[in-house]
Amino acid sequence: GRRIQLFTSEWRFPLTRVERGWMSPPLGLSQLSGSLFYEAGAAWNNGHSTDHYYRSSGGELTADLNLFYRLDVKLRLGYAHGFDEDLGDDVFYFSIVSSF
């Protein structure tokens, strides 16, 4: 659809501050954090709104790493649950994120 409505709510919280590293290979673990989220959204082409919204919720565990003393990387391990019968699935995911 060309029109969308999206609602996202997220709660992020720190778990622990590790601040440990290894010399070979140069790798440091700064902190571990978590997040819980809930999302609802819809897409449609014509009119003012739709009555059918897709909903999901889940959680993530995030580790902040430092590689080679220069590159900051976030590792995310997460789980998401879709509540809708047609498209809703349970999904585990892993991502590596870095800014450049």
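Which element gives the most to the lining of the largest pocket? The close-up views below take up this question and others, using a predicted model.

**View 1. The largest pocket and its lining.** β2 gives the most to the lining, with four residues. The elements that each give two or more residues are β1 (3-22), β2 (27-44), β3 (54-67) and β4. The lining consists of Glu10, Arg12, Gln31, Ser33, Gly34, Ser35, Glu60, Thr62, Asp64, Lys74 and Arg76. Six of these residues are charged and five are polar. None is nonpolar. The space in the pocket comes to about 170 Å³.

**View 2. Glycine 78 in strand β4.** The strand covers residues 71-82. Glycine 78 has a relative accessible area of 4%, so it counts as buried. Leaving aside residues up to four places away in sequence, glycine 78 touches Gly59, Glu60, Val91, Phe92 and Tyr93. Phenylalanine 94 lies 16 residues from glycine 78 along the chain, yet their C-alpha atoms are separated by 6.4 Å.

**View 3. The ring pair of tyrosine 79 and phenylalanine 92.** The model has three aromatic pairs. In this one, the ring centres are 5.0 Å apart. The planes meet at 45°, so the pair is tilted. Tyrosine 79 sits in strand β4, and phenylalanine 92 in strand β5 (residues 90-97). The two are 13 residues apart, and the pair links distant parts of the chain. Tyrosine 79 is partly exposed, at 30% relative accessibility. Phenylalanine 92 has a relative accessible area of 68%, so it counts as exposed.

Notes. Residues numbered from 1 in each chain as written. Predicted model: local features only at pLDDT ≥ 70, side-chain atom pairs only at ≥ 80, totals over all residues. Heavy atoms only, no water. Buried < 20%, exposed > 50% of the residue type's maximum accessible area, 1.4 Å probe, protein only. Contact = heavy atoms within 4.5 Å. 1 Å grid on protein atoms, 1.4 Å probe; cavity = no way out; pocket = protein on both sides within 12 Å on 5 of 7 lines; lining within 4 Å. Points joined across faces, edges and corners; volume = space filled by probe spheres on them. Nonpolar A, V, L, I, M, F, W, Y, C, P; charged D, E, K, R; others polar. Phe/Tyr/Trp six-rings, centres within 6.5 Å; stacked < 30°, edge-to-face > 60°.
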